[in-house]
Amino acid sequence: MIMLRYAVYRFFTMLLTLLVVSMLIFVIINLPPGDYLSNQIAELQASGQSAGVAKAEFLRKEYALDRPMWEQYLIWVGFFPGPHGFEGLLQGNYGWSFEFDRPVADIVGDTLWLTVVVNLAAILFVYAVALPLGVMAAAKSRTWVDYSTAFVGYLGLATPNFLLALILFYYGHRYLDLPIGGLMDPVYEGQPMSWDKMKSILVHLIVPTFVIGTSGASAMMQRLRANMLDELGKPYVETAIAKGMSPSRMLTKYPLRVAFNPFVADIGNLLPSMVSGSVLVSVVLGLQTIGPTLLTALKTQDQFLSAFILMFVALLTLIGTMISDILLVMLDPRIRYEGREA
């Protein structure tokens with residue numbers, strides 16, 4: 001019952017935070033002078049194309065860009081009626097992309113779930129690699145195991161993701177016959193999900209998962225090793241060993257559980273960092289994720305498209321933080337919730 005209350009509390013906190021984040025995103029996107037349409041109008045006026053100017057002016061009124069910023073925000077979210085009534089995010093209308101001349105929903109529809117798949121695969125890779133290597137490095141401190149994992153970790157941190165992507169792009173295809181570019185074979189693009197399409201996606205995920213997850217796994221492995229070494233030096237470890245507890249059982253029962261807290265708390269940070277860190281990788285590998293689309297939207301000041309993608313990343317961050325908070329309550333008996341976080 002207490003856990004349910006805590007989950008409900010965190011859910012409503014997440015919604016409130018998302019509302020505040022939406023305000024910040026909308027304000028920051030509109031801070032640079034002008035927007036896509038005003039820039040286009042200036043270019044058309046300079047070239048003397050009056051018909052194009054009239055169309056751009058019509059679009060400004062159609063999407064309420066001629067109104068004050070606070071009113072634009074309320075219309076965008078769906079709290080205030082626009083030219084066609086209530087048509088905001090709350091009503092499922094994500095806006096119009098002026099750069100691509102299509103609804104935002106059509107542009108991000110396929111890329112959203114592919115982005116989630118790629119980043120979930122990368123997160124699973126991070127934990128699958130960092131957990132055993134971090135524990136081994138701490139348990140075998142100052143041995144060849146520790147030095148070898150440290151070398152691998154520093155190499156992963158020092159190698160830029162886009163450079164690693166280029167290396168695997170070439171050698172993975174040449175020697176391992178791994179597919180080049182994209183997240184599926186072109187024949188499956190736009191097709192409904194099937195077993196063959198799923199197999200194609202899984203094979204194409206090998207290189208992006210390794211490239212995107214390498215730096216995160218290296219950083220988390222070093223962090224877990226440091227936390228484990230700190231716990232292994234405490235008196236309760238020596239007491240447990242003195243009482244005859246086997247080192248392996250003692251390691252998993254006490255130090256690992258305590259050192260695991262920051263490991264779990266990092267879930268909230270991993271999701272957005274994976275998305276932001278995969279932008280260049282997506283461009284290099286030709287991945288159909290929202291990274292390249294966000295880059296284009298920001299460069300062209302396509303405000304509705306860029307604002308929605310940033311809202312999506314913020315939502316991933318808040319969901320990851322909520323999951324990590326709930327897992328911490330379940331993992332650590334010292335963390336309790338009784339009407340507030342303790």
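**Exercise 1. Determine how much of residues 7-29 is helix and how much is strand, and how far apart the end C-alpha atoms lie.**

Solution. In this predicted model, residues 7-29 are 100% helix and 0% strand. The unreviewed UniProt entry lists residues 7-29 under "transmembrane region", together with 112-139, 151-171, 201-221 and 304-331. For residues 151-171, the model shows 90% helix and 0% strand, with 22 Å between the end C-alpha atoms.

**Exercise 2. Classify the aromatic pair formed by Y63 and F304, and state where its two members lie.**

Solution. 
1. The structure holds 11 aromatic pairs. In the pair of Y63 and F304, the ring centres are 6.2 Å apart and the planes meet at 55 degrees.
2. Planes under 30 degrees apart count as stacked and those over 60 as edge-to-face. The angle of 55 degrees therefore makes the pair of Y63 and F304 tilted.
3. Y63 is in the loop between α3 (50-62) and α4 (69-77), while F304 belongs to helix α16 (residues 303-331). The two residues are 241 residues apart, and the pair links distant parts of the chain.
4. Y63 has 24% relative accessibility and so counts as partly exposed, whereas F304, at 7%, counts as buried.
5. Y63 and F304 also belong to one aromatic cluster with W96 and F98.

**Exercise 3. Describe the aromatic pair of Y94 and F308 in terms of geometry, location and accessibility.**

Solution. 
1. The ring centres of Y94 and F308 are 4.2 Å apart, with 25 degrees between the planes, and the pair is stacked.
2. Y94 is placed in the loop between α4 and β1 (96-97), and F308 in helix α16.
3. The relative accessibility of Y94 is 27%, so Y94 counts as partly exposed. F308 has a value of 9% and therefore counts as buried.

**Exercise 4. Identify the residues of the nonpolar surface patch and the helix that gives the most to it.**

Solution. 
1. The patch covers about 920 Å² and is made by F162, L163, L166, I167, Y170, Y171, Y175, L176 and L280.
2. Helix α7 (residues 161-176) gives the most to the patch, with eight residues.
3. Y175 is one of the patch residues and is placed in helix α7. Its relative accessibility is 55%, so Y175 counts as exposed.

Conventions:
Residues numbered from 1 in each chain as written. Predicted model: local features only at pLDDT ≥ 70, side-chain atom pairs only at ≥ 80, totals over all residues. Heavy atoms only, no water. Phe/Tyr/Trp six-rings, centres within 6.5 Å; stacked < 30°, edge-to-face > 60°. Helix = DSSP H or I, 4+ residues; strand = E, 2+ residues; numbered from the N terminus. Buried < 20%, exposed > 50% of the residue type's maximum accessible area, 1.4 Å probe, protein only. Patch = residues over 30% accessible without salt bridge, like charges linked within 9 Å, V, L, I, M, F, W, Y side chains within 5 Å. Areas by Shrake-Rupley, 256 points an atom, 1.4 Å probe, with all protein chains shown as cover. Salt bridge = Lys/Arg side-chain N within 4 Å of Asp/Glu carboxyl O. UniProt positions renumbered as here; feature names shortened; annotations may be inferred.
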